[in-house]
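Student: Could you take me through one part of this model up close? I'd like a connected account of the charged side chains and what surrounds them.

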Amino acid sequence: MGEQLLEENSGNPKGHYENIDIMEFNDMIFKIAGGSWKIPPARKKIKAVYLPPKNIKKFLLTHVKPFWGIKDPRMMITFDFWKSHLENVSDVTYVFVHRPFKESVKSLAHRDNITEKDARMILKPYLKNKKHFRKMLVANQADIIDVHFHELLNNPRSFVAEINSKIGKKPNEGIESVRTFLDKSLKKY
């Protein structure tokens, strides 16, 4: 996912695995569009953000590896900005993680010590955009993998096999590492 990853903290003791450079770039896009991760700007504001394409390509190429990925929830807000740039530098498989919205709300409220009402207001645009982008990508016959949070926790085998098939590995390669990493006791909601 990158060289410099967001480390663990009390809200996520095993780490976030988000590329700090990508997070900072997304935060810059938010700022230019007049928002933040807690107050996501509208899609039309994200679409209006302009940065020189050669700078974006150079930035992305510093992160491209034979197999690489971006994990950052902010992408559900900034995707209109990134989509064409990502597709110009790499073959893309889109992975959508599905979790019941109420659980996400409770998790964010707990993690950030905010009310569920505030967490719901923060997360609504993310969910709305996720649904929009997934529908658009399906219509465009993009390569998509859907991961359901509870299924991943209970039986990661099918997800691991699907990822492995994309990268030319045996279906069960790495499954024990994934099982060891997943820890149901850390799931609060």
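Tutor: Quick ground rule before we start: helices here are DSSP runs of H or I covering at least four residues, numbered from the N terminus. Also keep in mind that this is a predicted model.

With that, let's go to Glu-103, which sits in helix H5. Buried means under 20% relative accessible area, so Glu-103, at 16%, counts as buried. What does Glu-103 touch, leaving aside neighbours within four places in sequence? Its contacts are Phe-149, His-150, Lys-187 and Tyr-189. Glu-103 also has a salt-bridge partner in Arg-99, with the closest N and O atoms 3.2 Å apart. Arg-99 itself comes out as partly exposed, because its relative accessibility is 22%.

Now stay with helix H5, which spans 101–112, and bring in helix H6, 116–139: each of them supplies at least two residues of a positive patch. That surface patch is made up of Lys-102, Lys-106, Lys-117, Arg-120 and Lys-124. H6 gives the largest share, three residues. Take Arg-120, which lies in helix H6: with 33% relative accessibility, it counts as partly exposed.

Have a look at Lys-83 and Glu-87, whose closest N and O atoms are 3.0 Å apart. These two are four residues apart in helix H4 (residues 75–89), so about one helical turn separates them. Glu-87 is partly exposed, at 35% relative accessibility.

Helix H9 (residues 175–181) holds another pair, Arg-179 and Glu-176; being three residues apart there, they are separated by about one helical turn. Their salt bridge has its closest N and O atoms 3.0 Å apart. Arg-179 is partly exposed, with a relative accessible area of 32%. Elsewhere, salt bridges with shared partners link Glu-18, Asp-27, Lys-71, Asp-72 and Arg-74 into one network.

Asp-72 from that network gives us a handy reference point for one last stop. The C-alpha atom of Asp-72 lies 18 Å from that of Leu-152, and the two residues are 80 apart along the chain. Leu-152 belongs to helix H7, residues 149–154. Not counting residues up to four places away in sequence, Leu-152 touches Val-147, Phe-159 and Leu-182.

Terms used
Residues are numbered from 1 along each chain as its sequence is written. This is a predicted model: local features need pLDDT of at least 70, side-chain atom pairs count only at pLDDT 80 or more; totals for chains, interfaces and linings use all residues. Side-chain values use heavy atoms; hydrogens and water are left out. Patches are made of residues with over 30% relative accessible area and no salt bridge: like charges are joined within 9 Å, nonpolar side chains (Val, Leu, Ile, Met, Phe, Trp, Tyr) within 5 Å. Accessible areas come from the Shrake-Rupley method with a 1.4 Å probe; for residues, only the protein chains shown count as cover. A salt bridge is a side-chain nitrogen of Lys or Arg within 4 Å of a carboxyl oxygen of Asp or Glu. Lys and Arg count as positive and Asp and Glu as negative; His and the chain ends are not counted. The place of a charge is taken as NZ of Lys, CZ of Arg, CG of Asp or CD of Glu. Buried means under 20% relative accessible area, exposed over 50%, partly exposed in between (1.4 Å probe, protein chains only). Contact means heavy atoms within 4.5 Å.
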